[in-house]
Amino acid sequence: MEGSIKVSPSLRRLILAEVGIPTVLLIFGIYHGFVQTLYRAGIIKSASFMGIEYYQGLTLHGVINAIVYTTMFAIAFGHALVAYYLRKEPNAKVAWASFWLMTVGTLMAAVPMFTGKASVLYTFYPPLKASPLFYIGAALLVVGSWLGFFSWIPRYLSWRRENPGSKTPMAIVGIFTTFIVWMIATLPLAYEVLVMLIPWSLGWVNGINVPLARALFWFFGHPLVYFWLLPAYTMYYVMLPRVAGGKLYSDFAGRLTFMLFIVLSAPVGVHHQFGEPAISTQWKWLHTLLTYGVALPSFVTAFTLAASLEYAARLRGGKGLFMWWGKLPYRSQENYLFAYFFAGLILFLFGGITGILNTSYTVNAVVHNTSWVPGHFHTTVGGPVFLAFIGMTLFMVTKLTGKPVAYPRLNVWVPYLWLLGVAFFSSGLMVSGLTGEPRRTNMGLTYTNPASEAFNADWSAAAGITAFGGFIMLLSMAAYFIVFFATLGTPRRAEPALEFPTSEAYLDEPARVTTNFKPWIAAAVVVLLIAYGPTLYDVLRATFFSSVPFDPGSPAPLR
């Protein structure tokens, strides 16, 4: 699909608001992430810094970066893809209602987080208890995202009626897969928040079933990772081969990848609960097996993208078995999206490998509550997801404002600087995680503080490497914010219009079994019933008492 299209002023304002607001919030999220590295390295040796308590900052970092930024970006990206590839704008009233629900929900959740009334981390595990405003705000954010997705469905069905027999554009397959996974994942979360957490936080019920809440969270929590990854995969399949100067190696491989994610992304959450006594061993084994299965579409993606990049490089004069790598446009200021995508792919190589390692029951038992996990996490969500999102945010802003990128030379180095920072940051966390360094503890008060009885000199060097990586990541984001906000202040050079680089297929096979979402959704429901029906039965059967609430700052219950 070629050429730019005009979009209505309403849709243009909506998309810009949905990428602009979370980008501003990201300043706070990045800041608190960097401060966390200072705590871990023992540079900050107190319970709070600049008026923000340790777990309060950890909560702000996780919620802003992992929940708010990603959700609002995915909706904005979906609006733009539907308008461009279907040539049909989403229903304006529903789309704006979605925006206001997400915005009001974010503000409601922000108040208790910034005032220290919701220091429950982004997993909001009970019996840690937050203000009702936090849970209600989170619920509004999710419901708002549902509305955004609903605004696309009539447009897609209309397109199907008008184009019988045509392949659905790959970008639409990708974004609809993203939100099908999101709908499956957020239904158990909705039960946890609406039926359990909100009544508990309001004092309407005295206690809460902690094992059930954890099981429902991880029913949501692991497919959430694929909700983050799938928009990046959409960019990789649709745009990366084009900005590299070539073609997508296999159209069918991309479509099959997305359909496999619908079936395999959700029935895997129990691998986060291998230490949970309420769940029988056979269901942990089943979830382990299914978690290995979800690596399959990522392997397909790795081989397809490698073939696509090789084809592009050879078109640009690349020769030999390996030397063609040198011909890719790593520092192209015009095709800067390539730098963002490629740096993310490098990080994802390590994120994917460590993710497969984590699936092992025995390895998982060793590393699960250590710093290994955030080390792995930042090579996945902090790698391909984050770099693709911030690169695409800048790209959409330039198209929808008609303004060129400010400081293009600086911009093209942002992803590589981030890649370097994450390499140090995650290496420090993972190496020390293998020797037992904890993942959520304020180490500045304990293990990296020589004045503490718990001081452990073995972790000091790795914690320093982590902080050094965090500093480079901070520099990268400072450069990105300079580019982003300077671009907004640049005079308009062209009429606002929407356009995405779109790859042709080198092998354009028939769509075959990937034509329709329905059989894959039905298969997903069957697999979920098999994987989670007995799991939830086990949890309910083994739970006899409810828990009273706790605050992370005190070992005693709140009442």
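**Reading the chain, then its residues**

Tutor: Of the chain's 559 residues, 60% count as buried. Buried means under 20% relative accessible area, exposed over 50%, partly exposed in between (1.4 Å probe, protein chains only).

Student: What kind of model is this, and how are residues numbered?
Tutor: This is a predicted model: local features need pLDDT of at least 70, side-chain atom pairs count only at pLDDT 80 or more, and totals for chains, interfaces and linings use all residues. Residues are numbered from 1 along each chain as its sequence is written, and side-chain values use heavy atoms, without hydrogens and water.

Student: How many helices and strands does the chain have?
Tutor: Helices (H or I, at least four residues) and strands (E, at least two) are DSSP runs, numbered from the N terminus. Here there are 18 helices and four strands.

Student: Why does the radius of gyration agree with a compact globule?
Tutor: The radius is taken over C-alpha atoms, and the globule rule is 2.2 Å times the number of residues to the power 0.38. For 559 residues that rule gives a value near 24 Å; the chain has 23 Å, so the two agree. The C-alpha trace spans about 65 × 45 × 45 Å along its principal axes.

Student: What share of contacts joins residues at least 24 apart?
Tutor: Contact means heavy atoms within 4.5 Å. Among contacts between residues at least 6 apart in sequence, the share is 84%.

Student: Now a single residue. Is Ser151 buried or exposed?
Tutor: Ser151 counts as buried, because its relative accessibility is 1%. Ser151 sits in the loop between helix 4 (132–150) and helix 5 (153–162). Its side chain reaches the backbone oxygen of Gly148 at 2.6 Å. That is a polar contact: a pair of N or O atoms within 3.5 Å; within protein, one must be able to donate a hydrogen and the other to accept it, and residues adjacent in sequence count only if both atoms are side-chain atoms. Beyond four places in sequence, Ser151 contacts His79, Pro90, Asn91, Val94 and Ala95.

Student: Where is Ser432?
Tutor: Ser432 belongs to helix 16 (residues 408–433). Ser432 is buried too, at 3% relative accessible area. Ser432 and Ser460 are 28 residues apart in sequence and 9.1 Å apart in space, C-alpha to C-alpha.

Student: Which residues does a cis peptide bond join?
Tutor: Pro126 and Pro127, with omega about 15 degrees. Pro127 lies in the loop between helix 3 (92–114) and helix 4. Phe124 is in the loop between helix 3 and helix 4. Phi of Phe124 is near 30 degrees, a positive value in a residue other than glycine.
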